[in-house]
Amino acid sequence: MGTLNCFFSGSPFVYSLVYYHVVNGNDPDNLESFPRLMLLVAISFAVVNSLCILFLRRLPESKERANQSISYEDINGIPNDLSKMLEKDASMSTTCLAGNCNFHALLWVFTLTSSVGVFVTNNLTEIATSVRLDRHNPTLVLLIPVTTMVVSILIGVLSDKYIGTFPRSSVVLIGIGSFIISQMLFLLLADVFSLLIIATILVGIGNAIMWSLGPVLTADILYIGNLGRNWGLITLVNAIFCFALQEVFGVMYENAITTPNELFCFGLHCLRGAFGIGLTSTLLSFLPALVLFIRTKSSFPKPKPEVNGTIAILE
């Protein structure tokens, strides 16, 4: 699943390497066989789905009952029961979800940041060409997927291990900070190669945090049984924003071309309009992220020690 995620959210470089060295046998004459590359992806999907069918199981009833009977204390020290929270969230209709503050905070944090990450990933070679650094394209196109892959692994492990010290909503603030700094660098100093590399890596870090913790936060804050609906709605709105941002970039880029019949626009002025929008979008995402951090930090129930001295685990 991780490699499939890299293929679609970052770059097909992972599958390109596997295809060229394993499937293609290092044959340079058949280096760019797109149908065979897609066949490799299709086989990978079949393998992942088969593993899910064979090994994914529901918890035994005894463990499910144990998980649903764990008691907690809220911020006022009043005992409450997790099952009541689950029942309330499980019965939330789509109409009620549309008015839920936590859902909207998640929705706009993810949409306003990850759409910018997709926009940069899709147009990275165009950006490098505009500042006459396209000779570095082979290096640049690998930075985001490689960074995303490495940081995704680290952020997943660390966010689970230190969730008591650093709530996941606080890590999201770090991801937003990465996006904001990257957009400032793209806006003002994209023509400096070293800073272009830093900005690109920061986009990869932001992508990793948002795509790794987005579904987890959705399951943490809202009922996990509705994860498909809730996360599906978030990614749907994000896709619409990605399309809109791409269209806006295309219009601004073409309008900045001053030479007739020229395909490319050269200079930072070609990019400033789009990255001004990107910077505004990421800055706006900070407000719902702060709301999400305050609400989750103050309202999440804390585990209550059991009589035998063991600590109940908050799912």
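**Helix packing and buried polar residues**

Biologist: In which helix is N137 found?
Modeller: This is a predicted model. Outside the four places on either side of it in sequence, N137 touches T125, A128 and T129. The element that holds N137 itself is helix α9.

Biologist: Is N137 buried or exposed?
Modeller: A residue counts as buried under 20% relative accessible area and as exposed over 50%. The relative accessible area of N137 is 16%, so N137 is buried.

Biologist: What does the whole protein look like in terms of elements, and what share of the residues count as buried?
Modeller: The protein has 13 helices and three strands. Its contacts between residues at least 6 apart in sequence include 70% that join residues at least 24 apart. Of the 315 residues, the share that count as buried is 39%.

Biologist: How are α7 and α12 oriented to each other?
Modeller: The axes of helix α7 (residues 101–122) and helix α12 (residues 227–255) come within 8 Å. They cross at roughly 40°, and angles under 35 degrees would count as roughly parallel. The two helices, α7 and α12, are therefore classed as oblique.

Biologist: What handedness does the crossing of α7 and α12 have, and how many charged residues does their contact have?
Modeller: Where α7 passes α12, the crossing is right-handed. By class, their contact has 17 nonpolar and seven polar residues. The number of charged residues in the contact of α7 with α12 is none.

Biologist: How is α10 oriented to α11?
Modeller: The axes of α10 and α11 come within 8 Å and cross at roughly 150°. Angles over 145 degrees count as roughly antiparallel. That is why α10 and α11 are described as roughly antiparallel.

Biologist: Which handedness does the crossing of α10 and α11 have?
Modeller: The residues of the contact of α10 with α11 divide into 21 nonpolar, eight polar and two charged. As α10 passes α11, the crossing is left-handed.

Biologist: Which element gives the largest share of the largest nonpolar core?
Modeller: That core has 53 residues, of which V120, F186 and F275 touch the most other members. Elements giving two or more residues to it are α7, α8 (124–130), α9 (137–161), α10 (168–189), α11 (193–221), α12 and α13 (269–299). The largest share, nine residues, comes from α7.

Biologist: Which residues does F275 touch, not counting residues up to four places away in sequence?
Modeller: F275 is one of the core residues that touch the most other members, together with V120 and F186. Both V120 and F186 are also among the residues that F275 touches.

Biologist: Is S285 buried or exposed?
Modeller: The place of S285 is in helix α13. Leaving aside neighbours within four places in sequence, S285 is in contact with W108, V109, L112, T113 and I176. Its relative accessibility is 0%, so S285 counts as buried.

Biologist: How far apart in space are N207 and V118, C-alpha to C-alpha?
Modeller: N207 lies in helix α11 and is buried, at a relative accessible area of 4%. Beyond four places in sequence, N207 touches G117, T121, I144, T148 and F179. N207 and V118 are 89 residues apart in sequence, and their C-alpha separation is 8.3 Å.

Biologist: What is the phi of R132, which is not a glycine?
Modeller: R132 is placed in the loop between α8 and α9. Its relative accessible area is 53%, so R132 is exposed. Phi of R132 is positive, at about 60°.

Biologist: Where does N261 lie?
Modeller: Phi of N261 is near 65°, a positive value in a residue other than glycine. At 82% relative accessibility, N261 is exposed. N261 lies in the loop between α12 and α13.

Terms used:
Residues numbered from 1 in each chain as written. Predicted model: local features only at pLDDT ≥ 70, side-chain atom pairs only at ≥ 80, totals over all residues. Heavy atoms only, no water. Axes fitted to C-alpha atoms, helices over the stretch in contact; angles between N-to-C directions. Helix = DSSP H or I, 4+ residues; strand = E, 2+ residues; numbered from the N terminus. Parallel < 35°, antiparallel > 145°, perpendicular 65-115°, else oblique. Left-handed = near helix turned anticlockwise from the far one by under 90°. Nonpolar A, V, L, I, M, F, W, Y, C, P; charged D, E, K, R; others polar. Core = buried A, V, L, I, M, F, W, Y, C linked by side-chain atoms within 4.5 Å. Buried < 20%, exposed > 50% of the residue type's maximum accessible area, 1.4 Å probe, protein only. Contact = heavy atoms within 4.5 Å.
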